[in-house]
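Please read the following report alongside the sequence and the three-dimensional coordinates.

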Amino acid sequence: MHNYRENIGLRRHILIVDDEMINREILGNLLSAEYEVHFAENGEEALKILRGREHIYSLILLDLLMPVMDGFTLIDIIKNDEKLRAIPVIVMTSETDAEVKSIKLGAADFITKPYDMPEVILARCERIIELQEDKSLIHAAERDHLTGLYIKDFFTEYIRQIEKYNPDHSRDLMVLNIEHFHLINELYGRSEGDNVLICIADILSGIFKSIDAIGCRTEADYFYMYAENGLDYEGILKQILAGLSATCPSYHVRLRIGVYPDVDKTLLAENWIDRAKTACDRIRGDYSRHIAIYDNEFYEKSKYQERLINDIDDAIASKDLLVFYQPKYYIQGEKPTLKSAEALIRWKHPELGMISPGDFIPLFESNGLIQKLDRYVWNEVAQQIDRWKKDYGVSIPVSVNVSRMDIYSPRLREEFLELLEANNLSAKELMLEITESAYADNAEQLVNVIENLRNDGFIIEMDDFGSGYSSLNMLTTIPIDALKMDMKFIRNMQKDEKSMKLVELVLDIAKFLHIPVIAEGVETEEQMMLLKERDCDIVQGYYFSRPVPADEFTKFFSDMSA
Ligand code: C2E
Ligand code: CA
Ligand code: CA
């Protein structure tokens, strides 16, 4: 068995509270060889000595019958006091029924008067101190220092214990996370960040107690809870937010909750946490949702996405990724003429069939794989342009999509130049579409990248214009060569006047900037004519053609202007 005294080498402090001098002397003599001994003559004096120095006392020896404040009163105060509670109390008494009463009140042990067996008294003191220290040691190991909540390992162990003895209950695992917690630390300081964490932990502790749940904190700003199935998570969220706005009223803390309801008991607690966390992380940055439930659909979707992530390398290696081409027509002439094309990716998965980019582009944008995929497309396109030139004698410019992540890759310009060189292309032949939302990210860097690319001769089209937040101001500072009008305007153009007005506005802006507009998603002759009347230059959409494979695209070559 371990012995703290040897380990730590500190003399413990004991407070002896007794109104009779003779008792104080006997006990003092008995204990002072081993301990630092302090004395008080009644409960009130004891409190004065203890206050502010609670942490130094390892034990209180307490007489029950004393003037001013008796032992019963003192023990009651001690056990109801946050700071004093941890100090064990041994009562000293000659009445047996008082012993029972004091143990009930919370005393750790008792010693009977008169003190005729010194070794017994010493041994009891030592045992009680050791017990208490074991308890706080365990407490420290299972609790997170900052918030007092459990740590994750203990939490999962606790869940295992609950399930061992009580496996038939349906329960939920909840994960709560603070949106942009690092920003709170950066903007308001770490101690303010700590405050927020403590505040959330305190509110959660109250909730845990009231609904008989357990919880922990981990990875700085994640809180987990294991509780009965079917709780009112909206209510819990509201309760925490209300508490937070009282604690830190000067700024707004946003929270996300992910719930894995009715956990599958055949899986491990760690899997439950993963699922709740997946749900929680899925709504990161989504300001319209605060609570995400991990359900079957969610599970299927996550599995599907995992599969896509796993298979992407194979798809690139075995050319299951196909590049389709959609023509863009110039419509202001007597008859429409083929102007260029846009390259759009398709995934012909050997088992899952044809997958549309809407299913994997956003996924790969979120995890960075888009860079790999885009390079594959750019390379395929560059080769294709060269092949058409050789086989058909036509030079058809093709635009490729450039994701916002690509913009920040330091070798972007070199990569494009290498691509031109390797395929004997001029910069005009490989056009670049950059989505409007990328322009809001980091305008300065973007302007830089685009200026350099334009100096090299590349043509830059701003994609999805009107779908995001680009301001007119930005348009005048960012050098671009064409605006691609978002297709939602075209879709609604004939339905509501506002959309038509916006189409006209976009066309006016482009005229002001002396750049052409490409209208996307044009499906009918009527739409095409309305655009033509309003001086729109270029049209892309199902009206002319859906995106088609490269060999099929050659049928449009006869529409090229001489
Ligand atoms: P986007 O760049 O705005 O591409 C236009 C989308 O509109 C394409 O969808 C195209 O097939 C579709 N479209 C064209 N004409 C019409 C029409 O008349 N009616 C309708 N309803 N739709 C039309 P797709 O091919 O499904 O691509 C969706 C998005 O995926 C693209 O939007 C683009 O953001 C992204 N994407 C596609 N290929 C790539 C790629 O190689 N790299 C990157 N980074 N993104 C790509
Ligand atoms: Ca595009
Ligand atoms: Ca677009």
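The report begins with the conventions and then turns to the calcium sites.

This is a predicted model, in which local features need pLDDT of at least 70, side-chain atom pairs count only at pLDDT 80 or more, and totals for chains, interfaces and linings use all residues. Residues are numbered from 1 along each chain as its sequence is written, chains are lettered from A and ligands numbered from 1 in the order in which they are written, and side-chain values use heavy atoms, with hydrogens and water left out.

**Calcium sites**

Donors are taken as N, O and S atoms within 2.8 Å of the metal (3.2 Å for Na, K and Ca), and sites may look incomplete because water is not among the atoms.

| Ion | Protein donors | Donor distances | Sequence spacing |
|---|---|---|---|
| Calcium ion (ligand 2) | Glu342 (OE), Asn401 (OD1), Glu433 (OE), Asp463 (OD) | 2.1 to 2.4 Å | E-x58-N-x31-E-x29-D |
| Calcium ion (ligand 3) | Asp463 (OD), Asp464 (OD), Glu520 (OE), Glu520 (OE) | 2.2 to 3.0 Å | D-D-x55-E |

Aspartate 463 coordinates both ions, and the calcium ion (ligand 2) and the calcium ion (ligand 3) are 4.1 Å apart. Distant parts of the chain are linked by the pair of glutamate 342 in strand E12 (residues 337-349) and asparagine 401 in strand E14 (residues 398-402), which are 59 residues apart. Helices (H or I, at least four residues) and strands (E, at least two) are DSSP runs numbered from the N terminus.

**Helix H13**

In helix H13 (residues 357-367), the buried residues are Pro357, Phe360, Leu363 and Phe364. These residues lie on the same side of H13, because they cover an arc of only 155 degrees around the axis, the arc being that of the directions from the helix axis to the C-beta atoms. Gly358 and Ser366 are exposed on the other side of H13. The cover over the buried residues of H13 includes helix H12 (296-317), E12, strand E13 (353-355) and helix H14 (370-392), where contact means heavy atoms within 4.5 Å. Glycine 368, whose phi is positive and near 90 degrees, follows H13.

**A parallel sheet**

Five strands form an open sheet in the order E2-E1-E3-E4-E5, with parallel pairing; two strands pair if DSSP finds at least two bridges between them. Strand E2 (36-40) and strand E5 (109-112) are the edge strands, each pairing on one side only. Within the sheet, strand E3 (residues 57-63) and strand E4 (residues 89-93) pair in the parallel sense over 4 bridges, and leucine 62 has valine 91 in E4 as its bridge partner.

**Two loop residues with positive phi**

Most residues other than glycine have a negative phi. Alanine 220, in the loop between strand E7 (214-218) and strand E8 (222-228), has a positive phi near 65 degrees and is partly exposed, with a relative accessible area of 40%. Aspartate 262, in the loop between strand E9 (255-260) and helix H11 (269-282), has a positive phi near 45 degrees, and its relative accessible area of 45% makes aspartate 262 partly exposed.

Note on methods
Buried < 20%, exposed > 50% of the residue type's maximum accessible area, 1.4 Å probe, protein only.
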